[in-house]
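Here are my notes on the model, point by point. Please read them with the structure open.

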Amino acid sequence: MLLRGQDGIRFYITVNPGSEFATGLDDYLRTLPGNITVLPWKEAVRYEFDLAVACAVHASMHRLHAPLVVLPHGAGYNRLVTESTGDPVSAAGLSRRELTYRRRVFPSVVGLTHSEQFGRLADWCPEALPRAREVGDLCHDRMQHSADSRDRYRAALGAVDGRRLVVVNSTWSEHSLFAHALDLPSSLIAQLPADEYTVAVILHPNIWAKHDPEAILAAATRSGLRLIPPHQGWQATVVAADCLIGDHGSVSFYGAALRHPTLLVTSGAAELDPRSPTYAFGQAAPALDPHSDLLAQIEQAMAKHDPASLQSITDRSLGRRGRSGELLATLLHDFLPAVDRPAKAPDLPPYPAPVPLPAESPTAYDVEGECRGSEVSLRRFPIVVPEHHRPRGFHVASTEEPVRELKFTAEVLARTTIRAERPAEHWLAEASADWPSAGVLVAALGEARHLVRLPDGLLLEAQAEEAWGTTEPLLDPLLLGSALVLWLADGGEPALLPDHGLTIRTGTHLTRVAFTARPA
């Protein structure tokens, strides 16, 4: 992006020793696109290069035979890591122990994201000040440049039809959200109405290196949670968000810098430099109590959000906004005099759309709602872990629900597979005998068209209507069945459905449904 292979530059990647989280990193790097050669560290330190760029500094890097440009790998320099810095006060990346070898500064350039960092560097390693350069934050600038792709990102995450996207993120360490509220993603799936919210989770790569997020969050992903792999779209997910819940990691900080409502489960104060913007961010950002009503806290945070409330803090870490690409390209080309400089500053392409791990639609919901004439307003809450579920209203299930007891007591049973083996009418007749507690049965015929059997045996074909100028509608068969249960309980007369239809409201989204009786 900033340096181009077509200009005759060859690219190599190597991993220096010293990190307990490096397992499998070489294998991942070999999957990167482009003409990039992965070198073992023992080979890399034998050759000479025109330039080396590192996203974090380590004393072992003095062995590289190349000018070294060091850049932060997050939103500035904030964390206290005694194992790296050798002292309890220096921020990682700015300490004398990391930046010097035999009392001499070995990086050619220490990249800073904001002028604020010059003062802290002067306190901890003043001999490195002549090598320091303010280069802005390329990650943040590219996220800002990706704003026009927000709709595409949201569609990839299921945030459509009026759904708002809540993004949970966690850094690593004992002070992280992951360490304090491991069950939060599952609780959000269970407490947020599925037709009004989508939940995605971003976890620091170090968590993936040491744990198994797929197994930990398996029940939630079976109920709609979008789990973002560490290298497949976290930046785009932040751009797409309506609300972030996190900790003192860079993802939360970037979310606030993009002016999203941002709530913190933990501030991470114990492992942050008290002079850093991230420490101030942790003290100022509103908190979320993972053990209280999550829906109420999120709705209140979004309703009362002031987009400028944290800007004075995020501005202290994100200097030279919009210019990082230009500044970094100029800096890097200074070390490559034989390479022609581009005529203009490089364009920052939008981030690729996120690719969450496969998620499934919930197969059982707890439903509550009310009717006003032919309009039914309802909320559906996925039943993630049945034994821990607190009932709200009535529950509905699809035939694929693995907990058989839920199907036996469901007031709606739906076959959601469109091209099933048994004809829809035949299946409805059989299911009415096999599942007597289900007063409403639904068999999917398409994405927005279903066959319905009501308690009195009446068969109706339901079709979501296309309003002028709107996208092609979708109609979940379990949503349709839930609305019919509520309407019938309110005294609705089944024979009137073909004449008047129903309007289903989920949050701000309306779906108009027409019904057709079997032709004579």
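1. Asp123 is partly exposed, at a relative accessible area of 49%. Here buried means under 20% relative accessible area, exposed means over 50%, and partly exposed lies in between (1.4 Å probe, protein chains only). The side chain of Asp123 meets that of Arg275 in a salt bridge, 2.7 Å from N to O. This pair links distant parts of the chain, 152 residues apart. Asp123 sits in helix H5 (residues 116–124), Arg275 in the loop between strand S13 (262–264) and helix H15 (277–284). Arg275 is partly exposed too, with a relative accessible area of 40%. A salt bridge is a side-chain nitrogen of Lys or Arg within 4 Å of a carboxyl oxygen of Asp or Glu. Helices (H or I, at least four residues) and strands (E, at least two) are DSSP runs, numbered from the N terminus.

2. A word on the basis. This is a predicted model, in which local features need pLDDT of at least 70 and side-chain atom pairs count only at pLDDT 80 or more, while totals for chains, interfaces and linings use all residues. Residues are numbered from 1 along each chain as its sequence is written, and side-chain values use heavy atoms, with hydrogens and water left out.

3. How many salt bridges does the structure hold? There are 23. One of them joins Glu430 and Arg422, with the closest N and O atoms 2.3 Å apart. Glu430 is partly exposed at 33% relative accessible area. Arg422 is partly exposed at 37%.

4. Another salt bridge brings together the side chains of Arg512 and Glu465, at 3.9 Å from N to O. Arg512 lies in strand S22 (residues 509–517), and Glu465 in the loop between strand S20 (459–464) and helix H21 (477–489), so the pair ties together parts that are 47 residues apart in sequence. Arg512 is partly exposed, with a relative accessible area of 32%. For Glu465, also partly exposed, the value is 39%. Elsewhere, salt bridges that share partners join Arg163, Asp195, Arg380 and Asp476 into one network.

5. Check Glu98. This residue is in helix H4 (residues 96–99). Glu98 is buried yet has no salt bridge. Which side chain of opposite charge is nearest to Glu98? That is Arg97, 8.0 Å away. For charge, Lys and Arg count as positive and Asp and Glu as negative; His and the chain ends are not counted. The side chain of Glu98 does make a polar contact of 2.6 Å with that of Ser95. A polar contact is a pair of N or O atoms within 3.5 Å; within protein, one must be able to donate a hydrogen and the other to accept it, and residues adjacent in sequence count only if both atoms are side-chain atoms. Leaving out residues up to four places away in sequence, Glu98 touches several others, including Val57, His58, Ser84 and Phe106. Contact means heavy atoms within 4.5 Å.

6. Strand S21 (residues 502–506) is mostly covered, with 4 of its 5 residues buried. S21 runs parallel to strand S15 (residues 375–382), joined by 3 bridges. Ser377 has Arg505 in S21 as its bridge partner. With S22, S21 pairs in the antiparallel sense over 5 bridges. Leu502 is partnered there by Val513. Two strands pair if DSSP finds at least two bridges between them. The hairpin of S21 and S22 has 2 residues between the strands, and Gly507 takes a positive phi near 65° in this hairpin.

7. Now the backbone angles. Most residues other than glycine have a negative phi. Arg103 is not a glycine, yet its phi is positive, about 70°. Arg103 is in the loop between strand S5 (100–101) and strand S6 (104–105), and counts as exposed at 81% relative accessibility. Asp161, again not a glycine, has a positive phi of about 55°. Its place is the loop between helix H7 (150–156) and strand S9 (164–170). Asp161 is partly exposed, at 28%.

8. Helix H14 (residues 250–257) has 7 of its 8 residues buried, so this helix is largely enclosed by the rest of the structure. Among the buried residues are Phe253 and Tyr254. Just after H14, Arg259 takes a positive phi of about 75°.
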